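Trainee: I would like to go through this model with you. Can we start with the rings and then turn to a helix?

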Amino acid sequence: YGDEIAPETRAYVQASRIRAGRAMMLTGAAAVIFALVAVGALFQWRVARQQTSLALHNFGVAREAVRGVVFDVVQGLADVSGMRLDSLRTILGTVQKAADKLSDTAPDDAELLRTRGAMFDNFARMYAHVGDVVSARASADQAVAIMDGLVRTRSQDVRVESDLGIVMTTRGTIDSQAGDVSAARRRFEEALRLARIGASRAPDDAELRRRLLAPLNWLGDVRLTLGDFSGARDAYREQFEVARRELAADAADPEGRMRDAQHTALFSMGFLGLESGDLDLAERSYLDAYAIARGLAEEFPGRLGMQRGLSVMLANLANLDLKRGRKKEAVARYDEAVAIERRLLREDPQNMERLRNLGVTLEARGNGAYAQSDWPGALAAYQEELDIFRGLVARNSLDMRNQRSVAVALANLAAVRR
């Protein structure tokens, strides 16, 4: 897109005023002159109108161009885990400059403001993904401020509360990543309230109804972290019911989104069962979630999210198998999960997030081997896990997840060697 990405569109419309001559001129020559002046005035009015129309058209084109660039960059950087932080900042800074310059020409344009809000929201997610929590928080705060302004000034727009709910959810995930779970819970509760407003204002809009799903899932997660098992269960159940209703309204579900939402809710409910000691709840939920995840992975073999969903599901089912004493089943599930992650990594060997996913799955495999006193198996899994996370820390020291994983892997290895 070049240094500026989209050229700045400026238009200036000049108006002319025609001064009348002497009012008492009644000769034929004066009539001709008057006619010529009238024709000139009409011509200039038409030119002015054309220039105004052109200016508005050019502004609209520029606005759509910036929106398109933001979308293209977001899609192109969908997985930024392997990118250097300074490179990411340069790219996002260039995009922001283009958006800023256009916004300066129309600071109150609602669609431009919405685009800027979405832009900062995506910036926040990208920075959070590479572990730069400070930049992520700053971008998310800008997104919240912009969308909150639209709520205050565009009350006639049925989508503004729901839009604010989306960026509020992102802000909550950053609080959660930074370890401030209580603050995250407050933001997710507010995001859910806003999503409910949006869904009630446009009950026939499927997209607005489905915006309830994300804050419900995140709210359930933070409630679970805080030990509020009842509150977590309520959130997961509502999440499942929203997905069930939407799937009933669109049974084809061509992209698998609502089935995946059901799978996520059931998986979360199963994890709740494990954490709270209700193994029957865990088993029922996990088996239902596994059936959906397996079906989606087979239906969408090229979709990373669906493949990862199956891998994570297998590892957690294996954890449950161990608790139930089903050791052979656990080993088979762990091995399949590791095989999926290795296959995904082979497709993109430089992808840091896929490498991290393999490390996490190897830890689960090591835990399974440890539980069965398979010391060589546990040692091999933990050592590979440690090697992976040490490499990731060397490539990106900002991501504290990898720092913590190194410490966990070292502790696991020490436990095996004792």
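Mentor: Ground rules first: the model is predicted, local features need pLDDT of at least 70, side-chain atom pairs count only at pLDDT 80 or more, and totals for chains, interfaces and linings use all residues. Residues are numbered from 1 along each chain as its sequence is written, and side-chain values use heavy atoms, without hydrogens and water.

Trainee: How many aromatic pairs does the structure hold?

Mentor: Rings of Phe, Tyr and Trp (its six-membered ring) pair if their centres lie within 6.5 Å. Planes under 30 degrees apart count as stacked, over 60 as edge-to-face and the rest as tilted. The number of aromatic pairs here is 4.

Trainee: Which class does the pair of Phe188 and Trp218 belong to?

Mentor: The centres are 5.6 Å apart.

Trainee: Is the pair of Phe267 and Tyr286 stacked or tilted?

Mentor: The ring centres lie 5.7 Å apart. Because the planes are at 35°, the pair is tilted.

Trainee: Where do Phe267 and Tyr286 lie?

Mentor: They are 19 residues apart, and their pair links distant parts of the chain. Phe267 is in helix α10, and Tyr286 is in helix α11 (residues 279-299).

Trainee: Is Phe267 buried or exposed?

Mentor: Buried means under 20% relative accessible area, exposed over 50%, and partly exposed in between (1.4 Å probe, protein chains only). Phe267 has 19% relative accessibility, so the label is buried.

Trainee: Which ring does the charged end of Arg303 sit over?

Mentor: The test asks for NZ of Lys or CZ of Arg within 6 Å of the ring centre and within 35 degrees of the ring normal. For Arg303 the distance to the centre is 4.7 Å. The ring is that of Phe300.

Trainee: Now helix α9: why do its buried residues line one face?

Mentor: The buried residues of α9 include Gly231, Ala235, Val242 and Leu247. Directions are taken from the helix axis to the C-beta atoms. Seen down the axis of α9, the buried residues line one face because they fall within an arc of 145°.

Methods. Helices (H or I, at least four residues) and strands (E, at least two) are DSSP runs, numbered from the N terminus.
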